Amino acid sequence: MKYLLALLIALSVPVALAQDTAPDVMVKNITAEVITIVKQDKDIQAGKSKKVTDLVETRILPHFNFTRMTQIAVAVNWRRATPEQQKLLAEEFKALLVRTYSNALSLYRDQSVEFKPLRMRPDDVEITVRSEIKQKGAQPVTLDYDMEKTPAGWKVFDVKVGGVSLITNYREDFAAQVRESGIDGLIKALASKNRGARQGK
Amino acid sequence: MTLSCLIRRLVLAVLLAGSAAGCATTGGRPGDPLEPINRVVFDFNDVFDRALMRPVAQGYRAVLPEMVRTGVTNVFSNIEDVWIAANNLLQGKVENGLQDVMRVTINTVFGLGGLIDVASDAGLEKHNEDFGQTLGRWGVGNGPYLVLPFLGPSNLRDGIALLGVDYAADPVWSQGHIPTRNTLYATRSVNNRANALDAVSVMEEAALDKYRFVRGSYMQRRRSLIYDGDPPRETDEEQRSSSALPIVNNQVASGHPIR
């Protein structure tokens, strides 16, 4: 009977977590899940892009707030864009991020990921989950996730690798592109980058 | 004058000429008034990398087993820790500095002269410091962004710190026996490039414009390093000046040429 009770408690814990998961626990779980899949899958390690892309799209993407990421990256030009342009920008940017993530994932070998204690007050709506990727014979690389609380749970809106924010980098890259060739030029550049990347491998 | 000394002076000259030109040029991204010159050097470095550094680094990685490459990385990393300790102390980070001294001692004695990084396993983390960061910590501004021939992205402060101070303090570079020095320097460069192969390939795929992406990454990275990974949030003003969008778009609207 005692064991049965313990079993019941153990079984109920994941359910409770799923309802209101703390952001750091969420990132930890997804990381562990993705690493397990990558480790078992020789195709992913060999860089078979379709399988990696699927993994990114099904396991990682749902936890990102793409609309917000695109808005930050496109900055003031977002308001200048027509709804149709906004839709295309979001689509192409998403494709680019999936591509980038897939590339990084397929290079995964035997690194371990360590999470730092989360600094968070109960009423915080924006927090940073900090982690470190460790590899033998190399300096650890920090990997931080900026996250926000949404009605649908915690969502990632920026990723910082070694202190370098991906979205800030894109904001500058995109702003310069718009300066050179307008919003349509940016959409075109993104689309051709994505198409080139798809054909490239 | 040896060839390497000549190259070093040449780079310094370019750097100084560049910074002088920087005072006279306006336009482009704030923080990168020298973009036209920088792009030329960037393209040159890119050609050099594709033609020589990258293929050599790929070969190096293909031929040597991971264990050997890790050993090479560790030995150079151990040598470098001495200078990292000095910079931590110069920045008043005594605890970190002493940790670095401990790292060197432990790795040299118990890690077979630095071949094995036993200090990291013992929980003594490696730090990332150089004289450019020390100057930054002391309040010296970045100065204009610079791309150095062969050495890559930098800025006026970091460039002068690197060529003027870091190189002078580098036990590999100040090696008296020139063939030994050149061999060590080349090995370290190739090993570093090999370690960066994956990261660079991901970045190349990610960027719309590689020059801008590298520049943005460098600026953010250095800022993060100066604050040891925990920089204060950029103020609105800094953000405005770093993206400079409103001004630029007014120019577009009023029909002024940008470039």
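This is a predicted model: local features need pLDDT of at least 70, side-chain atom pairs count only at pLDDT 80 or more; totals for chains, interfaces and linings use all residues.
Two strands pair if DSSP finds at least two bridges between them.

Now walk back along chain A. Strand β4, residues 153-161, pairs with β3(A) in the antiparallel sense, over eight bridges. One of the facing pairs is A:T150 with A:G153 in β4(A). A hairpin of two residues joins β3(A) to β4(A).

What does β3(A) have on β2(A)? Nine bridges join β2(A) to strand β3, residues 138-150, and the two run antiparallel. A:V129 stands opposite A:Y145 in β3(A). β2(A), residues 126-135, also pairs with strand β1(A), residues 112-115, in the antiparallel sense over four bridges. There, A:V113 has A:I133 in β2(A) as its bridge partner.

Next, a pair of helices in chain A. Helix α5(A) covers residues 66-74, and its axis comes within 10 Å of the axis of α7(A). At what angle do the axes of α5(A) and α7(A) cross? They cross at roughly 100°, and α5(A) and α7(A) are therefore roughly perpendicular to each other. From α5(A), the residues in the contact are A:F66, A:T67, A:T70, A:A73 and A:V74. From α7(A) they are A:L89, A:A90, A:F93 and A:K94. By class, that contact has six nonpolar, two polar and one charged residues.

Phi of A:A75 is near 55°, a positive value in a residue other than glycine. Is A:A75 buried or partly exposed? A:A75 is partly exposed, with 19 other C-beta atoms within 10 Å; a residue needs 20 or more to be buried.

Phi of B:F150 is near 70°, a positive value in a residue other than glycine. B:F150 lies in the loop between β1, residues 145-148, and β2, residues 152-155, of chain B. With 13 other C-beta atoms within 10 Å, B:F150 is partly exposed.

Staying with chain B, look at helix α9(B), residues 197-206. Which residues of α9(B) are buried? They are B:V202, B:M203 and B:A206. These residues cover an arc of only 100° around the axis, which puts them on the same side of α9(B). What covers them includes α7 of chain A, residues 83-106, together with α10 of chain B, residues 210-226.

That brings us to the contact between the chains. The contact takes 28 residues from chain A and 29 residues from chain B. On the side of chain A that touches chain B, the elements giving two or more residues are α7, β3, β5 and α8 of chain A. The largest share, 12 residues, comes from α8(A). The residues on that side of chain A divide into 10 nonpolar, 11 polar and seven charged.

How values were computed: Residues are numbered from 1 along each chain as its sequence is written. Chains are lettered from A and ligands numbered from 1 in the order in which they are written. A residue is buried if 20 or more other C-beta atoms lie within 10 Å of its own, exposed if 12 or fewer, and partly exposed in between; C-beta atoms are placed from the backbone. The arc is that of the directions from the helix axis to the C-beta atoms. Two residues are in contact if their C-beta atoms, placed from the backbone, lie within 7 Å. Ala, Val, Leu, Ile, Met, Phe, Trp, Tyr, Cys and Pro count as nonpolar, Asp, Glu, Lys and Arg as charged, and the others, Gly among them, as polar. Axes are lines fitted to C-alpha atoms, for helices over the stretch in contact, and angles run from 0 to 180 degrees between N-to-C directions. Angles under 35 degrees count as roughly parallel, over 145 as roughly antiparallel, 65 to 115 as roughly perpendicular and the rest as oblique.
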